[in-house]
Each structure stands twice: as structure tokens, then as C-alpha cells.
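Work through the exercises below with the sequence and the structure at hand. Try each task before reading its solution.

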Amino acid sequence: MLKRKNRSPEDNCEILLTVKNLTVEYRNREGTIRALHDISFTLSGRQNLGIIGESGSGKTTLALSLLGLIGKPHSVTGSVHLGGKNILVLPEEEKKKLRWSRIALVFQNALEILNPVLTIGEQIGETLHCHRGLTGKALEQELLMLFNLVGLEYFWHRAYPHQLSGGMRQRVLLAMAISCRPEVLVIDEPTSSLDALARKEILAMLKDLQQKMGFAMVIISHDLAVMEELAEDLLVLYSGEVMETGTTTPLIERPLHPYTRGLLNSSIEIHPYKDLWGIPGEAAGEWKADCCVFAGRCTQSLHRCLNEKPSLVDTGAGRLVRCHRGGIVCLLQAEGINKSFSLNGCRIEALKDVNLNLYHGETAALVGATGSGKSTLAHILAGLDSPDSGKVIFDGQPVRGGEAHRRERGIQLVMQDPFSSVSHRLTVFEAIAEPLVINKICPPAIQMKRVREALKAVQMPNEENFLKRYCHALSGGQRQRLAIARALVMKPVLLLADEITSMLDVSTQANLMRLLKGLQYSFGFTMLYITHDLDLARKVSERAIVLHEGEIAEEGSIHQISRHTCCQPSGNLFEAGLHIHQ
Amino acid sequence: MKSRLLEYLITFIVIITINFALPRIMPGDPFLQLYSAGGETTVSYTEEQKEYFISYYGLDRPAGIQYFSYLGGLLKGDLGFSYYFKDSVASMIFRRLPWTLLLITAATGLSLVTGVLLGSFAAWRRGQRSEQALYLFMVTISEIPAFLVGLVLLVLLAAGAGLFPLAGAITHFSRFNTTWAQILDILHHAALPVLTLAVARAGGFFLLVRNSLGTVLTRDYMRTARAKGLPEKRIRYRHALRNALLPLVTRTAMQMGAIVGGAVLVENVFAYPGLGRLMYEAVFVRDYPLLQGIFLVLAVAVLAANLLADILYRKLDPRIVSAFKAADSPAVKNRSGN
């Protein structure tokens with residue numbers, strides 16, 4: 001089901017490993033825990049499949065079941081076909097024959113993974129003896145060759161595991177795994193315990209060995225950089241279920257499942273400048289039937305997600321996603337937006353054929369020089385202004401007039417200047433409750449409750465006397481936070497933040513941005529962050545939309561764009577705008 | 001290792017000193033009374049006789065000088081003179097020692113083999129019926145005192161069934177045609193005492209092996225061994241048991257004292273002519289020089305067993321060697337300190 005493109009013709013394309021509906025349950029006195037649920041994939045010659053997920057997601061269980069190492073009293077159903085035989089149902093003696101000679105496992109590096117009282121030479125040599133029948137001189141020759149292959153001096157064969165460094169131990173584990181020339185190499189966290197240098201060497205060595213020996217690899221890791229380097233395809237595991245699979249590069253560039261995105265957002269390799277935000281909620285918990293396992297941590301979950309298990313659906317190009325909503329929902333689509341103003345008979349094209357998608361839960365930065373049309377676009381998206389042509393679709397409905405920001409769970413806009421956007425003649429309560437009152441959303445008693453909640457969320461006092469205070473008595477930072485509270489009171493799913501920090505001092509700006517990200521993290525709204533401050537944009541958002549003279553010049557990962565872009569306008573913009581260079 | 005040897009040396013000197021001091025600070029006087037063999041007639045010394053003996057044995061000299069002459073005697077292998085048996089203590093002990101050594105080594109060996117075999121059986125079958133029954137049985141028999149086991153065996157197998165001799169280490173006044181026949185006779189005599197001692201020890205070894213192997217089986221390297229598709233035998237013995245036996249070495253050495261104590265009792269039950277029997281006889285007649293000699297030899301034997309275990313452990317567990325190398329060599333120390 002995973003297809004790899006661009007495989008050169010001389011590569012061995014025969015399917016080596018087929019896993020079908022693999023389900024593993026651990027049974028002990030306390031009860032039954034399902035560690036893997038319905039996993040299927042195939043692996044062909046020289047293909048590298050990456051398996052990624054948080055700890056507890058079942059990665060290691062998968063590795064062990066591929067070798068048929070999970071036995072009674074636990075239950076393993078489904079099939080793991082290796083060279084035409086289902087290893088799960090073979091008798092133990094037959095399993096032993098397949099292990100190491102056809103499929104070998106590079107264990108996660110740990111001191112106790114090697115037997116402490118046997119020499120390295122013996123531990124590598126015994127597989128040569130038991131599977132290949134080598135003895136004496138021949139065994140020694142082969143051992144020498146293996147040590148050379150993994151870059152270890154031969155005299156280490158007399159050493160005991162505790163005498164090796166972590167990097168050397170990784171080499172030993174590798175030498176041990178390739179000793180019987182397996183067709184499939186399962187590698188569990190190849191680099192997790194290594195320093196940067198050793199890690200680079202090991203990765204290069206894995207590639208080199210694959211060139212020489214032609215095995216296929218199943219790489220298990222939570223390290224996305226390793227995956228980018230080694231794996232062509234990825235399988236994202238959560239609570240024992242496949243959440244998403246597909247080709248590595250597009251999957252990392254545009255994750256479809258909220259969990260995958262959460263993983264990416266937590267990875268410093270993918271977002272070197274952005275603040276890291278883990279996935280909210282408890283880490284991968286127990287597997288549950290009849291619901292989406294990720295629903296509890298998902299910000300776009302529906303009632304259905306709690307009652308029905310989604311199935312793995314093909315979304316095209318070999319990408320499969322397990323989500324009732326078909327992956328991360330596209331919250332807002334703008335198509336062919338044109339807008340022009342006339343000034344003394346002169347037509348000024350503010351926006352030219354702008355197409356834009358905003359996805360659930362993301363933070364996109366709309367960047368561009370002053371006058372590039374950022375605020376105009378924001379106003380059109382919010383429905384405050386209408387485009388000359390083109391349409392904006394929000395949550396499946398076209399945005400017309402102010403409908404989208406008049407309702408709950410709609411769009412809210414926070415503007416640049418809090419002094420003009422919040423009337424100084426209103427009290428704090430009146431200012432925040434205003435949208436609720438105007439739109440007749442809830443009775444006054446509940447209004448008070450929601451205002452207090454909103455104030456608490458933006459970390460402002462919510463006592464009686466503060467609520468009665470007039471807005472003109474507040475500072476700039478407080479008024480901007482009040483403006484955010486006024487937006488939050490409507491429980492928006494899309495927050496358009498138009499230069500919200502440009503009038504604030506650095507400290508207030510930092511506090512406000514952290515606050516906003518924190519709110520987004522817990523409420524899960526989408527944020528379009530409109531700014532010309534590129535350093536800040538790179539800090540808070542994962543995606544950049546570069547606007548240049550009314551047109552979208554470029555769109556993509558803000559990290560990629562800021563590092564190297566071939567687009568001239570955005571190149572210039574980032575060149576000039578970034579104060580922090582690598 | 002050097003520091004370890006020093007520790008043994010110090011322990012040895014302390015033992016000698018205690019051995020020297022103990023009879024001298026004990027209440028009573030060896031010359032106050034002498035019992036005849038049956039303990040019926042009491043023989044008392046006169047003042048003159050007492051003084052004569054005190055100066056004869058050098059007990060009137062200062063304690064320091066006595067101590068050094070005692071040490072000097074030890075260095076020459078002189079353990080003193082038994083004043084009841086009228087024989088050199090060293091030669092008496094030397095005649096009896098082999099029998100005790102035979103009992104101890106055979107019993108230790110037998111209990112080790114039984115403990116390891118049954119212990120590994122239990123560890124592989126943890127939780128099964130057969131294992132639970134075995135566990136109960138082993139715990140029960142290891143709680144029965146050795147002399148009681150000995151008595152039961154004596155009554156049932158020797159006196160009752162007549163399968164084994166009742167006493168002694170060898171059939172007296174008999175000539176053996178071959179060495180083999182002689183060995184068989186010795187084994188025949190030693191069988192019950194050895195069995196008694198082994199039964200008392202095997203339970204402990206069984207529990208230790210069972211638990212230690214149980215722990216080893218959950219280790220990561222056991223999963224590695226299984227993943228490698230190694231034959232079951234190799235996984236069990238080379239990978240698992242090899243690790244599980246490490247604590248057994250220490251345990252054996254630590255139990256040496258107890259097994260020596262057990263041997264003393266068992267030798268008396270079976271009237272076996274070892275050091276334990278000699279000790280009993282010596283206590284009976286308050287033969288202090290002899291007792292002192294026996295204590296010393298037994299203490300040294302236990303100490304030697306411990307030293308042997310230390311050396312063996314070093315051979316078996318490569319981690320210990322390097323830990324000691326690191327502690328001994330300043331170069332390594334510096335490096336690890338950085």
C-alpha cells in the first residue's frame with residue numbers, strides 16, 4: 001500500500017515483508033492492553049519505511065512482532081509474511097531460523113542490551129555460528145570483515161559491553177544485526193543515545209551498508225531528522241494505530257493528521273526557530289475501541305470522533321489518513337480574491353488573484369512589506385470588506401458581510417491599534433461583552449461568566465471593580481489583551497491577528513505572544529498572524545504566506561522559506577527582515 | 001585486588017589475635033580441674049602442680065611475649081600440644097582435616113548442582129503447578145535443621161534399611177584390593193553425612209538460582225538473544241544461567257561458615273572422624289590448645305573459601321575486574337574524573 005516513486009530499475013522490487021492487520025494485545029493479570037491495532041504495510045527491496053510516534057505508541061512492540069518475538073500469554077493476530085511464510089504462526093524452531101537470517105533487529109542502544117558477561121566477539125560470532133555454521137578461522141575472518149564494515153577496530157572483539165562507549169555499542173549492535181545478511185533490518189531508535197557526531201556517522205554508515213548489502217529497513221524513531229535522512233515512507237503511529245502514512249517529504253511538509261502536525265510542531269529539527277509546543281493532553285494512552293484514539297487531544301474533534309472509530313482512508317498519492325474529518329480541516333479558503341481601490345481616478349490594485357487556505361489549528365504568518373495588501377486581505381477574510389471578485393469560504397459557507405464574525409465559533413479580528421479598536425468610553429465589562437450583547441448570544445448572567453473567563457484567559461484581573469473600570473484607564477498592553485479577550489468571548493475558530501504587537505514594547509509583546517500561543521494551544525483555534533516582523537513570525541508560526549504587491553509570492557514552511565528560497569520578493573523580504581541569521 | 005588481599009590479611013591477624021586472647025580472658029582456669037574421660041572422677045591439682053604447669057606452658061610471662069611466641073609458633077606450623085591427647089595439635093588436626101574437607105566440598109558441590117538444576121527448572125516454569133510444588137518442597141526441607149535430617153536418614157537408611165554404615169569414614173581393619181574399592185568405601189561412608197549437609201543447603205541455593213534466573217530472564221539481553229534466533233540451549237545456559245550464577249558464587253562463600261558449623265553437627269551425628277568430631281571431643285575434655293587449633297584452622301578455611309570466591313567472581317564477571325582496575329590505576333581515575 002505504500003508506493004515508492006523514483007525507484008531505479010536495478011533495485012530489487014520484490015516484496016520482502018507484508019504485514020497485514022497486525023494486532024497485538026498484552027495480557028497479564030491486570031487485564032488486556034491492546035498495543036497495536038490493525039497495522040498493515042508492505043516493504044520491498046531496499047525500501048526504507050520509517051515508523052514514528054511518541055513513546056508508548058507501540059513502535060517497539062511492532063519491531064518485536066515483526067520477528068515473532070511476542071509470545072504467550074500475549075495475543076498476536078494478523079500476519080507478518082516474510083519470504084512467503086507467516087512468522088506469527090510458525091513453530092518456534094522455524095521462527096528461530098527466520099530470525100536474524102532474513103530479518104534482524106538493531107535494538108535500541110542500552111547498556112543491558114548486550115550480555116554483560118560475554119565478549120563482543122562471542123556475541124556477534126554466535127549468530128555466525130548458529131545461522132551460518134561458521135567455525136574457527138572462517139568465523140574469525142567473517143568477524144573481522146564485520147568489524148571493518150561498521151568501523152570498529154578488531155581488537156575490540158575481546159572487550160565486554162561495559163567497556164564500550166555508546167557509539168561503539170551502536171556499531172556492535174549494527175554488526176550483530178547484519179552478520180547473517182538479512183533482507184530486512186529493523187532498527188529501533190538508531191541515534192537516540194548518540195551525540196551529533198556519532199549520530200551523523202551512524203546514519204551515513206546505515207546508508208552505506210544498505211548500498212553494499214541491499215537490505216530493506218524499517219526504522220523506528222521519534223526523531224524526525226533521522227526519518228528525513230533515511231526513510232522514504234513514513235507511518236505515524238499513535239496508541240497502536242496508524243494515524244497517517246505516506247511519502248516522507250510531503251508528509252513532513254504538509255501533515256494531514258492533527259497528530260502528525262502535533263509531532264512536527266514538537267520537533268526542533270522541523271521548527272528550529274519556532275517555540276516548541278507539545279501536543280496537549282496526556283501522551284499516547286491506552287487503545288480504545290469505538291472512538292478515535294486521538295480524539296481526546298484533538299482540537300477539531302467532533303461528537304462522532306468519540307463514538308466511532310475512523311478508518312484509514314486514501315486521500316490520494318498513497319497518503320492514508322485515519323480521521324473522520326479527512327485530516328486537518330481546511331477552515332478557510334480564499335479563491336481568486338481581487339480588490340482595487342480608486343484614488344483620484346487612479347486604480348490601485350491592492351490584491352491580485354489571491355488564493356489562500358487556512359487549516360484548523362495552525363498558525364500561519366501573513367508577511368509582506370507595508371502596503372503589500374496584508375490588512376486589506378485580512379479585512380476581506382473577516383468579511384469586513386468585500387472583494388471585487390473571488391470568494392472566501394469559511395467552514396463550508398461563503399463569507400458574506402459580517403456573518404462569520406457575528407456568531408460564536410466564527411472569525412474574530414484583533415487589530416493593530418488597541419486605542420482605536422477598543423472604545424475608551426466603555427467599561428471593561430461593556431467592551432468585552434459588547435459582541436455578546438449586540439449579537440444577543442446569551443443572557444446577561446452568562447455574559448458575566450464568559451467575560452470573567454475571557455479575562456482570566458488573557459491573564460487580567462476579573463474582579464468586580466476591574467470590570468467597572470473605564471478602558472481609558474488601561475495601558476496599551478492591557479487594552480490589547482482586552483481586545484483579545486473581546487475576541488475570545490465569541491469562542492472563535494479563526495483569529496485574525498493584524499499586527500497586534502507592533503504598538504507594544506518588547507516585554508509586553510513577548511508576554512502577549514506567549515499568551516496567545518498558549519490560548520491557541522489550549523483552545524485550538526487557527527491563527528492568521530499578520531505582521532512585518534519576520535523574526536517574530538518565525539518564532540510563532542509554522543507556515544508563511546508572503547504577500548508582495550497584492551500577490552502571493554510564496555507560501556510554505558516558514559523555516560524553509562527563511563533559509564533558502566528561490567522566490568525573489570520573499571528572498572529580499574527575509575534577507576532584510578531577519579535579524580537573526582543562522 | 002591488592003586492597004582486597006590486605007583486607008584478608010587484616011581479618012586473618014584479627015582472627016589469630018582473638019583466638020589467642022579468647023581462652024585467656026575466659027573465666028575459669030584450665031588447670032582448676034581435669035576431668036577423666038567418663039567425667040566421674042574429679043582430679044584436682046595442688047598449688048605446686050598448678051604453678052609448675054603455668055610456668056611450663058609459659059602462662060606466667062607477660063601477655064605481649066606470649067602473643068609473639070604464639071605467632072612464632074604458628075609460623076613454624078606449631079599449634080601447640082594437646083594436654084589431653086598428648087599429641088601435637090597440628091598433626092591431630094592434619095589427620096582429621098581431610099575428612100571434614102571431603103564432607104564440606106562434596107556437600108557444597110552436591111547442593112550447588114541440585115540447587116542450580118532445580119532452580120533453573122523452576123525459573124523456566126515460573127507459575128506452573130510443578131514449579132509451585134517444587135518451591136514448597138524445597139522451602140520446607142531447607143527449614144529442617146541439619147542434625148534432624150541426619151538423624152532421620154541415619155535411622156531410616158542406615159539403621160533401618162541397612163544401606164549405609166552407621167558410623168565412621170572408612171571400614172576399619174580392611175584391606176582394599178584396588179584404590180577404586182577404597183574410594184567406593186569412603187564414598188559409601190560419606191554418603192549420608194554429605195546428603196544431610198546438602199539437603200540443608202540446597203534449599204537456599206534453589207531459591208537464589210530461581211530468583212536470580214527469574215530476574216535475568218527479564219533483562220534486555222535475553223530478548224536480544226531470543227531475537228538472534230539462537231538455539232534454546234545456548235539462550236538458557238550461555239546467556240541466562242551464566243549471568244544468574246554470579247550471585248551464587250558470593251552466596252556459596254558467605255555460607256561457608258554455616259556449612260562448617262553444619263559439618264560439626266553432622267560429623268557428631270554420624271560419628272564421622274572429622275574436625276567437628278575432634279572439636280566435640282576437645283570441648284568435652286576442655287583441651288584448650290586443641291580447641292584453639294581447630295578454631296584457627298576452620299576460620300582460615302572459611303577465609304580461604306571467601307578469597308577463592310572473590311577470585312572466581314572476578315573471573316566470572318568482567319565488570320568487576322575493570323571496576324577494580326579503574327580504582328587501582330591512577331591514570332584511569334584521572335580520566336574518569338574529567
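This is a predicted model: local features need pLDDT of at least 70, side-chain atom pairs count only at pLDDT 80 or more; totals for chains, interfaces and linings use all residues.

**Exercise 1.** Decide whether B:Phe68 is buried or exposed.

Solution. The relative accessible area of B:Phe68 is 59%. The cut-off for exposed is over 50%, so B:Phe68 is exposed.

**Exercise 2.** Classify the ring pair of A:Tyr259 and A:Phe294, and locate both residues.

Solution. Over all chains there are nine aromatic pairs. In the pair of A:Tyr259 and A:Phe294, the ring centres are 5.3 Å apart and the planes meet at 65°. Rings pair if their centres lie within 6.5 Å, and planes over 60 degrees apart count as edge-to-face, so this pair is edge-to-face. A:Tyr259 belongs to helix H9 (residues 258-265) of chain A, while A:Phe294 is in the loop between H9 and strand E11 (312-314). The two residues are 35 residues apart and the pair links distant parts of the chain. Both A:Tyr259 and A:Phe294 are buried.

**Exercise 3.** Describe the setting of A:Glu241: which strand holds this residue, and which side chains make polar contacts with its side chain?

Solution. A:Glu241 lies in strand E10 (residues 241-247) of chain A. Its relative accessible area is 1%, so A:Glu241 is buried. The side chain of A:Glu241 has a polar contact of 2.5 Å with the side chain of A:Lys309. Another polar contact, of 3.3 Å, joins the side chain of A:Glu241 to that of A:Arg322.

Terms used:
Residues are numbered from 1 along each chain as its sequence is written. Chains are lettered from A and ligands numbered from 1 in the order in which they are written. Side-chain values use heavy atoms; hydrogens and water are left out. Rings of Phe, Tyr and Trp (its six-membered ring) pair if their centres lie within 6.5 Å; planes under 30 degrees apart count as stacked, over 60 as edge-to-face and the rest as tilted. Helices (H or I, at least four residues) and strands (E, at least two) are DSSP runs, numbered from the N terminus. Buried means under 20% relative accessible area, exposed over 50%, partly exposed in between (1.4 Å probe, protein chains only). A polar contact is a pair of N or O atoms within 3.5 Å; within protein, one must be able to donate a hydrogen and the other to accept it, and residues adjacent in sequence count only if both atoms are side-chain atoms.
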